[in-house]
Amino acid sequence: MFRYGKVAFISSVDDEGFPNMKAMLMPRKIEGNCFYFTTNTSSLRVKQYQDNEKASIYFFNKGRFRYEGVMLIGTMEILQDTAIKQEIWKTGDTMFYKKGVTDPDYCVLKFTAIKGRHYCDLKTENIQFN
């Protein structure tokens with residue numbers, strides 16, 4: 001079983017077709033092949049996902065004697081649904097979203113993985129989601 005670290009990297013595609021990557025805090029919720037992140041509605045990443053839903057996320061776990069990574073490819077949705085925003089809200093989030101859960105600059109990114117690659121101990125394997 002893969003152990004997620006403290007950081008995730010998410011990628012979007014810019015208007016010229018180039019990948020853009022950003023470090024994020026780990027997903028607030030992982031459910032099957034869906035990963036939920038929080039971010040600012042006004043962010044560049046949200047704009048890019050609105051224009052092109054193709055996305056990738058990468059997780060790694062660097063242990064003392066081994067490195068393990070998972071790269072997933074899929075789509076990213078921008079969710080404004082109050083129920084999911086409340087579900088993954090944490091008390092300290094007011095530092096980023098002053099108006100709380102109803103802050104218009106608070107949204108949820110839902111990544112749905114289609115496929116990926118897992119790396120560990122000098123071996124890689126494909127991952128396919130149905």
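## Aromatic pairs

Which residues do ring pairs link into a cluster? In this predicted model, the cluster consists of Phe9, Phe60, Tyr67 and Tyr119, joined through ring pairs.

Across the whole structure, a search finds 9 aromatic pairs. One of the pairs is formed by Trp89 and Tyr97, whose ring centres are 6.1 Å apart. The planes of these two rings stand at 50 degrees, so the pair is classed as tilted, between the limits of 30 and 60 degrees. Tyr97 is buried, with a relative accessible area of 3%. An aromatic ring also takes part in a contact with a charge: the charged end of Lys29 sits over the ring of Tyr36, at 5.0 Å from the ring centre.

## Nonpolar cores

The largest nonpolar core has 18 residues, and within this core Phe37, Ile57, Leu72 and Phe111 touch the most other members. At least two residues of the core come from each of the following elements: strands S1 (7-13), S4 (34-40), S5 (54-62), S6 (67-79) and S7 (106-120), and helix H1 (44-51). The greatest contribution is that of S7, with 4 residues. Apart from this core lies another, of 10 residues, including Cys34, Ile88, Trp89 and Tyr106.

Leaving aside residues up to four places away in sequence, the contacts of Phe111 include Phe37, Ile57 and Leu72. Phe111 likewise touches Asn33, Cys34 and Phe35, as well as Ala55 and Ser56. Further contacts of Phe111 are made with Ile73, Gly74, Thr75 and Met76.

## The surroundings of Asn40

Asn40 is located in strand S4. With a relative accessibility of 25%, Asn40 counts as partly exposed, because this value falls between the 20% and 50% limits. Its side chain and that of Asp105 are joined by a polar contact of 2.8 Å.

When residues up to four places away in sequence are not counted, Asn40 touches Val46, Phe96, Tyr97, Asp105 and Cys107. Val7 lies 33 residues from Asn40 along the chain, and the C-alpha atoms of the two are separated by 17 Å.

## Cysteines

How many disulfides does the model contain? The count comes to 0. Cys34 is in no disulfide, and the nearest cysteine sulfur, which belongs to Cys107, is 16 Å away. A disulfide would require the two sulfur atoms to lie within 2.5 Å.

Cys34 counts as buried, at 11% relative accessibility. Cys120 is buried as well, with a relative accessible area of 9%.

Conventions
Residues numbered from 1 in each chain as written. Predicted model: local features only at pLDDT ≥ 70, side-chain atom pairs only at ≥ 80, totals over all residues. Heavy atoms only, no water. Core = buried A, V, L, I, M, F, W, Y, C linked by side-chain atoms within 4.5 Å. Buried < 20%, exposed > 50% of the residue type's maximum accessible area, 1.4 Å probe, protein only. Contact = heavy atoms within 4.5 Å. Polar contact = N/O pair within 3.5 Å; in protein donor to acceptor, adjacent residues only side chain to side chain. Phe/Tyr/Trp six-rings, centres within 6.5 Å; stacked < 30°, edge-to-face > 60°. Lys NZ or Arg CZ within 6 Å of the ring centre and 35° of its normal.
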